[in-house]
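Trainee: I am new to this structure. Could we walk through it together, one question at a time?

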Amino acid sequence: MDDPISQRDRGPTGRASYDRHMDREPAHAPASAATTSATPAGPPDGTGPVVVGANWYRFRPGEQVHHDRVMSVCFIWALDGSGTITSGGERFRLTGRSVLRLPWGHDVGYRADERGPFRLGTVHVVPEHDTSSPVVPRVAHTPDDPLMTAAGRRGERDGRTGSVAVLVPASSDSARRASVLGAYAVERFLADDFDEAVLRALGTLLLAESAPWHEELRRVDDAGRIPAAVTRMTEHVERHLDRALSVREVADAGACSPATAERLFARHTGSSVSAWIRGRRMREAAAMLRGSGLRVGEVARAVGFTDPLYFSRVFRATYGVPPSRYVAGRMRP
């Protein structure tokens, strides 16, 4: 069965091309693929993260795929559609609004929805790969694969990414950056461009971006994931940053009372509803100031402030400088 890990290009050229395979997208290089870097690049202690596989995969309606054990830390996000992923006895609903990270040595089951099945991006990282061992760009996931027990491939000794799956909102800064890095990794694999130094750099960046996700486990519910009510409320805020939002309105989006909304936000985000909204407005404002030519007043209105002076006070309290000076001296574009 074709799957998000092992599927290979069946095209006549032997090269992967997402544009040529919209329905059955290719995956990783065969086991015999060699790395193109003559000298492995890594940290001084002789081990470091490396990306060993990355792929786009379009599921058929209702398609199911299961792997008993995958020797990687896997990042999964939906480009479109939806479905369910199970791992470690937990079920995760995956849409374009979240990013899932599975731990080293995970089991995984994919089930695409009958209507609107998901199309996924997946990236597999070996957290500790010996720099003295050539990197084979293949994900170890079958019992007869010698890479399953290869001495040069290991999970993290310091446990930075934890031992359970973590689902985070795709709108968070770290998840957004991880998705961008993941998309770049996929494109490198589809081009058969196996540069070891690049794959090691990508592995390091992906683990660094997702390191804070482990802390989210301290704020998850008993089922091992952020409650759906919190997700609905934060998504509602994301969609309406350009206008005033009351705690009551946000609570209604989560189908709960304002008191329950405050309790859920305190437990799962570490702040009150109003503080979380304000922080999200400020992050968006900072991004707009860095990435556009909008004036301060225009940015203020875009993030829901009717009074530019009040916006400037809040921004300065957050970033230590007024918005008019935030990008002073920075080259744009």
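Predicted model: local features only at pLDDT ≥ 70, side-chain atom pairs only at ≥ 80, totals over all residues.

Trainee: What share of the 333 residues is buried?
Mentor: A residue counts as buried when its relative accessible area is under 20%. Among the 333 residues of the protein, the buried share is 48%.

Trainee: Are helix 1 and helix 2 roughly parallel or roughly antiparallel to each other?
Mentor: Helix 1 covers residues 173–190 and helix 2 covers residues 196–210. Their axes lie 9 Å apart, and the packing angle is about 160°. Angles over 145 degrees count as roughly antiparallel, so the two helices are roughly antiparallel.

Trainee: Which classes of residue make up the contact of helix 1 with helix 2?
Mentor: From helix 1, the residues in contact include L181, A185 and F189, and from helix 2 they include L199, L202 and E209. By class, the contact has ten nonpolar, two polar and three charged residues.

Trainee: How is helix 6 oriented relative to helix 8?
Mentor: Helix 6 spans residues 273–291 and helix 8 spans residues 308–319. The axes come within 10 Å and cross at roughly 90°. Angles of 65 to 115 degrees count as roughly perpendicular, so helix 6 is, relative to helix 8, roughly perpendicular.

Trainee: How many charged residues are there in the contact of helix 6 with helix 8?
Mentor: Helix 6 contributes residues including R278 and R283, while F311 and F315 are among those from helix 8. The contact has eight nonpolar residues and one polar residue, and its charged residues number two.

Trainee: Is V73 buried or exposed?
Mentor: V73 sits in strand 3, which runs over residues 73–80. The relative accessible area of V73 is 0%, and under 20% counts as buried, so V73 is buried.

Trainee: What is the relative accessible area of Y310?
Mentor: Y310 belongs to helix 8. Y310 is partly exposed, and its relative accessible area is 41%.

Definitions and conventions: Residues numbered from 1 in each chain as written. Heavy atoms only, no water. Axes fitted to C-alpha atoms, helices over the stretch in contact; angles between N-to-C directions. Helix = DSSP H or I, 4+ residues; strand = E, 2+ residues; numbered from the N terminus. Parallel < 35°, antiparallel > 145°, perpendicular 65-115°, else oblique. Contact = heavy atoms within 4.5 Å. Nonpolar A, V, L, I, M, F, W, Y, C, P; charged D, E, K, R; others polar. Buried < 20%, exposed > 50% of the residue type's maximum accessible area, 1.4 Å probe, protein only.
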